[in-house]
Amino acid sequence: MVIKIPISLDSMKVDITCPKCGTENKVTLAQIRQEATVTCIGYGTVINLKDNDGSVKRGMRQVQNELDDLDRALRRFGRR
Ligand SMILES: [Zn+2]
């Protein structure tokens, strides 16, 4: 039995608040990781997605580790 967990962190959406007008914009974690630029849906302000302190990368790594643990646990379970 093989269980695949269909979770891709990169496609997860998060809300970021525009520094200019406070409008919430949805971006994917991939966009943040790649430090992409998005245009605010409010007034068209260009927002630079800078992962300044690396907290997004750290957080993603942590979640990914937990998913890997879960994956391993499920594999053990399936072998019983
Ligand atoms: Zn804005």
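# Briefing: fold, hairpin and selected residues

Gly59 sits in helix α2, which covers residues 55-79; helices here are DSSP runs of H or I with at least four residues, strands are runs of E with at least two, and both are numbered from the N terminus. The model is predicted: local features need pLDDT of at least 70 and side-chain atom pairs count only at pLDDT 80 or more, while totals for chains, interfaces and linings use all residues. Residue numbers start from 1 along each chain as its sequence is written.

**Overall architecture**

- The protein chain contains 2 helices and 4 strands.
- Along the sequence, these elements follow the order β-β-α-β-β-α.
- The protein chain is more spread out than a compact globule, because its radius of gyration is 17 Å, well over the 12 Å that the globule rule gives for 80 residues. The radius is taken over C-alpha atoms, and the rule is 2.2 Å times the number of residues to the power 0.38.
- Along the principal axes, the C-alpha atoms of the protein chain fill a box of roughly 55 × 25 × 15 Å.
- Buried residues account for 2% of the 80 residues in the protein chain. A residue is buried if 20 or more other C-beta atoms lie within 10 Å of its own, exposed if 12 or fewer do, and partly exposed in between, with C-beta atoms placed from the backbone.
- Of the contacts between residues at least 6 apart in sequence, 30% join residues at least 24 apart. Contact requires C-beta atoms, placed from the backbone, to lie within 7 Å.

**Confidence**

- The mean pLDDT of the protein chain is 87, and 91% of its residues reach 70 or more. This score is the predictor's confidence in each residue, from 0 to 100.
- Helix α2 has the lowest confidence, with a mean of 86, and strand β3 has the highest, at 96.

- Strand β1 (residues 13-17) pairs with strand β2 (residues 24-28) in the antiparallel sense over 5 bridges. Pairing requires at least two DSSP bridges between the strands.
- Within this pairing, Val14 has Val27 as its bridge partner in β2, and Ile16 stands opposite Asn25.
- The hairpin has 6 residues between its strands, and Gly22 takes a positive phi near 80° there.
- Strand β1 lies largely in the open, because 0 of its 5 residues are buried.

- Leu29 belongs to helix α1 and is buried, with 20 other C-beta atoms within 10 Å.
- Beyond its neighbours within four places in sequence, Leu29 is in contact with Leu9, Asp10, Met12, Val14, Val56 and Met60.
- Glu35 lies in the loop between α1 (29-33) and β3 (37-39), and counts as exposed with 12 C-beta neighbours inside 10 Å.
- Glu35 is not a glycine, yet has a positive phi of about 50°. Most residues other than glycine have a negative phi.

**The loop between β3 and β4**

- Cys40 is in the loop between β3 and β4 (46-48), and its 19 C-beta neighbours inside 10 Å make it partly exposed.
- Leaving out residues up to four places away in sequence, Cys40 touches Cys18, Lys20, Cys21, Thr23, Asn25, Thr45 and Ile47.
- Cys40 and Lys26 are 14 residues apart in sequence, and their C-alpha atoms are 9.4 Å apart.
- Gly42 is also in the loop between β3 and β4, and counts as partly exposed with 13 C-beta neighbours inside 10 Å.
- Gly42 touches Cys18, Cys21 and Thr23 when residues up to four places away in sequence are not counted.
- From Gly42 to Asp69, 27 residues apart along the chain, the C-alpha separation is 40 Å.

- Gly59 is partly exposed, with 13 C-beta neighbours inside 10 Å.
- The C-alpha atoms of Gly59 and Thr23 are separated by 24 Å, and the two residues are 36 residues apart along the chain.

How values were computed: Two residues are in contact if their C-beta atoms, placed from the backbone, lie within 7 Å.
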